Amino acid sequence: MFFTIVKRLMLPSERSNFYTQKRSYVDVKMKWKRDSFYESLESIHKSVELRPLIALKNCIARQPEGCIPISAVSKRGFELGLPAKMKVARFMRQYPSVFEEFTGPQYNLPWFRLTPEAVLLHKEEYEAYEHHKLDILVRLKKLIMMSEGKMLPLKIIHGLQWYLGLPDEFLQNEEFNLKGSFHVVDIKDGLHGLAVDCEERFLSVMQKVAMKKGMYGEGSMQPIPYPLFPSKGLRLKRKISDWLDEFQGLPYVSPYEDYSQLNPCSDVSEKRVVGVLHELLSLFVEHSVERKLLCLRMYLGLPQKFYKAFDRHPHMFYLSLRNKTCTAILKEPYNDKSAIEPHPLSKVRKKYIKLMKESEFILKSGRINNPSAHVERTNLLLDLD
């Protein structure tokens, strides 16, 4: 990856003074460094399986009888987020600690219900959401407040529901869930968006932490250095290190402030982009996201190749290539637990992962104690859906 940094910047026109930085281009190549710590975070990397598991759990929990025939979900694998070519029945049978299979009342079809442990965890999940609903909605409000016009298309918010910790049915009951500061607006071409009427001025995580440390005064243009957490064995070249020192000393522009007068080719503009990504990831449940943020680019005022900021700032972000995708992880909450407030649903999701892992012992026990049942189970996995 290459750095091409223009060392000229312009502050907003309403400021009476201009800050000018003179420096030649910096053009260096930095290699990606694997970090075993971030590669082993189960709360992030298990989400590939956890997300469809919770979606299926919700399908069952919504039924009055608390159970469903496999035919009700067998053709919805893609919609539920299952891995490609994975049959729904096979996926559910992989987690006997969550899904209990039994023979249905008609035609001997397989049916599924939740295990007692899964039922209790489902209740805990929704109690956590109801108890912390205001906090979760504030996170949604902050995301919208970062956008131009304080509005985002509903389809984008729907795509980010998992990361924001919103329930599956959140957008299905707009009048109940969106009452208050939110309202639905027409955008164009039949699209609808979610807008916010709010005069409240939000402070970013960076600003709040800096104010606690006495490093920042509200309304000022003081520099706020980003917290850096170098991975073991990652060494920056001297010219990158020198540039980073200067970058840290630049004025901080909050994601919630007007940036229209910034020179897009300046380092201050890049510092704003990094700040937007930092604030965005701080709002998410696991402070991480698959690199599918291109849909937000035009709404958050990000440049064409904003994703390169993840590569340019490896002391702040880590890119994982597990699960055949690229996941951007904010390092700060995993190194300084006091800096960013944990998401209310993060503990519940970790409990789901722990329950999922119990399935390995259940299946292993069944194979050891009943070999014939294992053969029959294998045939069912191959033949039934």
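**Close-up views of a predicted model**

**View 1. Strands β5 and β6 pair side by side.** Five bridges connect β5 with strand β6 (residues 192-196), and the two run antiparallel; strands (E, at least two residues) and helices (H or I, at least four) are DSSP runs numbered from the N terminus. Val184 has Leu194 of β6 as its bridge partner. This is a predicted model, in which local features need pLDDT of at least 70 and side-chain atom pairs count only at pLDDT 80 or more, while totals for chains, interfaces and linings use all residues. Residues are numbered from 1 along each chain as its sequence is written, and side-chain values use heavy atoms, with hydrogens and water left out.

**View 2. An open sheet of three strands has the order β4-β6-β5.** The pairing is antiparallel, and two strands count as paired if DSSP finds at least two bridges between them. β4 (151-153) and β5 (182-186) are the edge strands, each pairing on one side only. On average, neighbouring strands of the sheet are turned by 30 degrees against each other, direction ignored. Helix α7 (residues 133-145) packs on the sheet and touches β4, β5 and β6; contact means heavy atoms within 4.5 Å. The direction of α7 makes about 100 degrees with that of β6. Axes are lines fitted to C-alpha atoms, for helices over the stretch in contact, and angles run from 0 to 180 degrees between N-to-C directions.

**View 3. The largest pocket has a volume of about 1,500 Å³.** On a 1 Å grid over the protein atoms alone, a pocket is an open set of points with protein on both sides within 12 Å along at least five of seven lines, a cavity is a set where a 1.4 Å probe fits but cannot get out, and lining residues have an atom within 4 Å of a point. Grid points are joined across faces, edges and corners, and a volume is the space filled by probe spheres set on the points. Of the 49 residues lining the largest pocket, Arg51, Glu79, Leu80, Gly81 and Trp162 lie nearest its centre. Helix α3 gives the most to this lining, nine residues.

**View 4. The second largest cavity has a volume of about 60 Å³.** Its lining includes Trp243, Arg312 and His313. Helix α12 (residues 238-248) supplies the largest share, three residues.

**View 5. pLDDT stays under 50 over residues 371-385.** pLDDT is the predictor's confidence in each residue, from 0 to 100. For this stretch the model has 17 contacts beyond four places in sequence. The protein's mean pLDDT is 83.
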